[in-house]
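Trainee: Could you walk me through this one before I set anything up? I'd like to go contact by contact.
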Amino acid sequence: MLINNLNEHYEIIKRDKIGIPSGVTTLGITFPEKVEAYYSGRSLALAEAALKAAEGLYLGRNSQSGADGPGLDDYLQEVNATKEGQNLSSLIKTQFQKALDALSLVQAPLSGAIEGNNERVVNAYNEITRQLVNIKTDMPSVLCVSITYVDNASDSD
Amino acid sequence: MQQSNHTTYRTIITAPRPIAPLITFRILFGGLMMVGAARFMLSGWVERLYVEPRFFFKFYGFEWVEPLGHTGMYALYSLIAISAAMVMLGLFYRMAAVIFFLSFAYSELIDLTNYLNHYYLVCLLAFLMIFLPAHRRFSLDAWRRPGLSATHVPAWVIHLLMFQIGLVYCFAGFAKLNPDWLFRAMPLAVWLPAKADWPLLGPLFEQPWVAFAFSWAGAVYDLTIPFWLLWRPSRPFAYLAVVVFHLLTKLLFNIGLFPFIMIFNTLIFFPATFHERLLGRIGYRAGSEPVLYTFPAAGRRLLRPALILYFGFQLLFPLRYLFYPGDVLWAEQGYRFSWRVMLVEKTGQATFFVHDPTTGHSAEVENRSYLTAYQEKQMAIQPDMILQYAHFLEREYRREYGLDSVEITVDCFVALNGRTSRRFIDPGADLTKLKDGFHHKPWILPHFEEGAALSTGLTPKNDAQ
């Protein structure tokens, strides 16, 4: 459940908060007016907060003290999952940091950045996207969790 | 020697056998299929699988099969249910059997996404039923026209069904003899712990040895059950095993009517006296004057080549995977129509990129705009569906953006049986230039590097520390 909702949340950051406005789905045609909370100019802060929330959940971060607690990273550590020779737990942690770094290079407001310097937005999008395979395919696979928010119609055999 | 060969041939093919096993088969098969079609309509799957999708994945060679729309699909499913009921009752049997086969096969050919081995089995059995004289006793046809009634049929009629069912078990068992199934208890080690909340048995499902026990027992069961069913002394125990095995799979997994198909069908291995007693409870009479059903002369001449052709295909087609390099569970070249059941826990994600070479612009595709969740999930792990979808995207983008030429690539990662993911498709391959077919597809990347065939992605804890 937790992993399913984490992924659903993460895909919303990727697609709705960054992807669609920056035009990655529309052959480079950008839609700066499609950012979240366009008129308030807070879209970038909201995207960053959402990404931090995903990271916090993964690390089991205490929202008051900011210290890392037991989280999904510890589960991955426990089963000692590796991906292409690297430790999956720290791979995901590093990727969260890379995504946040890339996002911090974008200048607020997001709509302005898309019109002015979209390259940085697209770069942030790519870093965010790179994480998806780790948390949506690898993590569930090694933790034996099935992704169910893509619902399962019909039977299997 | 000549004499004994002749006797064997006679026992298997031409000797008269009481018709009762065939009657049980007809009633249970027709009844179950009627229930199955009704269940499909009542659960809303007709809408979800045949009305909601915008795009349908075609079967190779059956690209002309189209969905029939909302009303049309319900009409088709009603036709399946009605013809199945007519098969059960033996009413206008031949026509009903033909209609059932055609309508069922058509509905299954609409979308590759929904392919299941047991639907394929139903298609094959339905096809065989067309040619069998299953309405010649205890049927509305025989009641309407008593002249049709027969008490005996040539032995091959019964053996044909036994052979088909035995073949499915043997191939399914043979497919289980792979390293993941035998030595990692995969995918059962993923699926069983999910049922740890069961009363009594629950805690057992979390034990690794239980997954291994289930895996090995399942492989032995599939490989040998037809023989235990054939041998008279072991038959009652074997049938008990059939019932327990399939009911357990019914409770553990979401496999629909398949367990009942097998529990009912394997009754064909029982002798006629058993069936006569069973059917006797609902008014069946074996008949005092033996009347042997004989096939028309033309049918008798065609019988031998037809049987050789049919079972030659059944024996060889599932083996086609041997002609492809790599792991059939990973690349799925030669995977379907081969009785590979419950063998993989496979998840993946596929992100498609459309590139316009004239302007240099690129776009990432939002799969959900074109596919249902279930279609997307199935597509991401099956190469031929990835290719078909890319070709569809090519048409869509040409139309939507008025592009002259389009290149499409995919970032696709797949995780198999509890491992971490690996890249599945060559990210440099322009999918619009590739064609589907029976040839080897070099753009499917191998599962393992050379020489690392048993790597699991999970290293034992001690080694790492």
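Trainee: How many residue pairs are in polar contact between chain A and chain B?

Mentor: The count between the two chains is eight residue pairs in polar contact, with both residues of a pair at pLDDT 80 or more, a condition that applies here since this is a predicted model.

Trainee: Which elements of chain A give two or more residues to the side that touches chain B?

Mentor: Those elements are helix 1 (2-22), helix 3 (72-79), strand 1 (82-83) and helix 6 (118-143) of chain A. Helix 6 of chain A gives the most to that side, with eight residues.

Trainee: And by class, what does that side of chain A hold?

Mentor: The side of chain A that touches chain B divides into 13 nonpolar, twelve polar and ten charged residues.

Trainee: How many residues does each chain bring to the contact, and what area is buried?

Mentor: Chain A brings 35 residues and chain B brings 46 residues. Between them, chain A and chain B bury about 3500 Å², and 49% of that is on carbon and sulfur atoms.

Trainee: How many salt bridges go across the interface of chain A and chain B?

Mentor: The rule finds two salt bridges across the interface of chain A and chain B. In the salt bridge between R15(A) and E366(B), the closest N and O atoms are 3.5 Å apart.

Trainee: Moving inside chain A, which residue meets K136(A) in a salt bridge?

Mentor: The side chain of K136(A) meets that of E11(A), at 2.9 Å from N to O. Because K136(A) lies in helix 6 of chain A and E11(A) in helix 1 of chain A, the pair ties together parts that are 125 residues apart in sequence.

Trainee: Are those two buried or exposed?

Mentor: K136(A) is buried, with a relative accessible area of 14%, and E11(A) also counts as buried, at 15% relative accessibility. The cut-off behind that word is under 20% relative accessible area.

Trainee: Now chain B: what is the N to O distance for R144(B) and D141(B)?

Mentor: R144(B) forms a salt bridge with D141(B), and the closest N and O atoms of that pair are 2.8 Å apart. The two residues are three apart in helix 7 (residues 140-144) of chain B, so they are separated by about one helical turn. As for accessibility, R144(B) is partly exposed, with a relative accessible area of 37%, whereas D141(B) counts as buried at 3%.

Trainee: What about D436(B) and K441(B)?

Mentor: Their side chains meet in a salt bridge, at 3.6 Å from N to O. D436(B) counts as partly exposed at 25% relative accessibility, while K441(B) counts as buried at 9%.

Trainee: Which residues are joined into one network by salt bridges that share partners?

Mentor: Salt bridges that share partners join R15(A), D16(A) and E366(B) into one network. Over all chains, the structure holds 24 salt bridges.

Trainee: Changing topic, how is chain B divided into domains?

Mentor: Chain B is divided into domain 1 (12-321) and domain 2 (345-464), and the C-alpha centres of these two domains lie 34 Å apart. Their contact takes 21 residues from domain 1 of chain B and 25 residues from domain 2 of chain B.

Trainee: What area do the domains bury, and which residues of domain 1 lose the most?

Mentor: Domain 1 of chain B and domain 2 of chain B bury about 1900 Å² between them, 62% of it on carbon and sulfur atoms. In domain 1 of chain B, R54(B), F55(B) and F57(B) lose the most area to domain 2 of chain B, together 33% of what that side buries.

Trainee: How many salt bridges and polar contacts are there across that interface?

Mentor: Across the interface of domain 1 of chain B and domain 2 of chain B, the rule finds two salt bridges and nine residue pairs in polar contact, both residues at pLDDT 80 or more. R54(B) forms a salt bridge with E396(B), with the closest N and O atoms 2.9 Å apart. On the side of domain 1 of chain B that touches domain 2 of chain B, helix 9 (179-183) and helix 10 (188-191) of chain B each supply at least two residues.

Terms used
Residues numbered from 1 in each chain as written. Chains lettered and ligands numbered in written order. Predicted model: local features only at pLDDT ≥ 70, side-chain atom pairs only at ≥ 80, totals over all residues. Heavy atoms only, no water. Contact = heavy atoms within 4.5 Å. Buried area = accessible area lost by both parts, 1.4 Å probe. Salt bridge = Lys/Arg side-chain N within 4 Å of Asp/Glu carboxyl O. Polar contact = N/O pair within 3.5 Å; in protein donor to acceptor, adjacent residues only side chain to side chain. Helix = DSSP H or I, 4+ residues; strand = E, 2+ residues; numbered from the N terminus. Nonpolar A, V, L, I, M, F, W, Y, C, P; charged D, E, K, R; others polar. Buried < 20%, exposed > 50% of the residue type's maximum accessible area, 1.4 Å probe, protein only. Domains from an automatic or database assignment.
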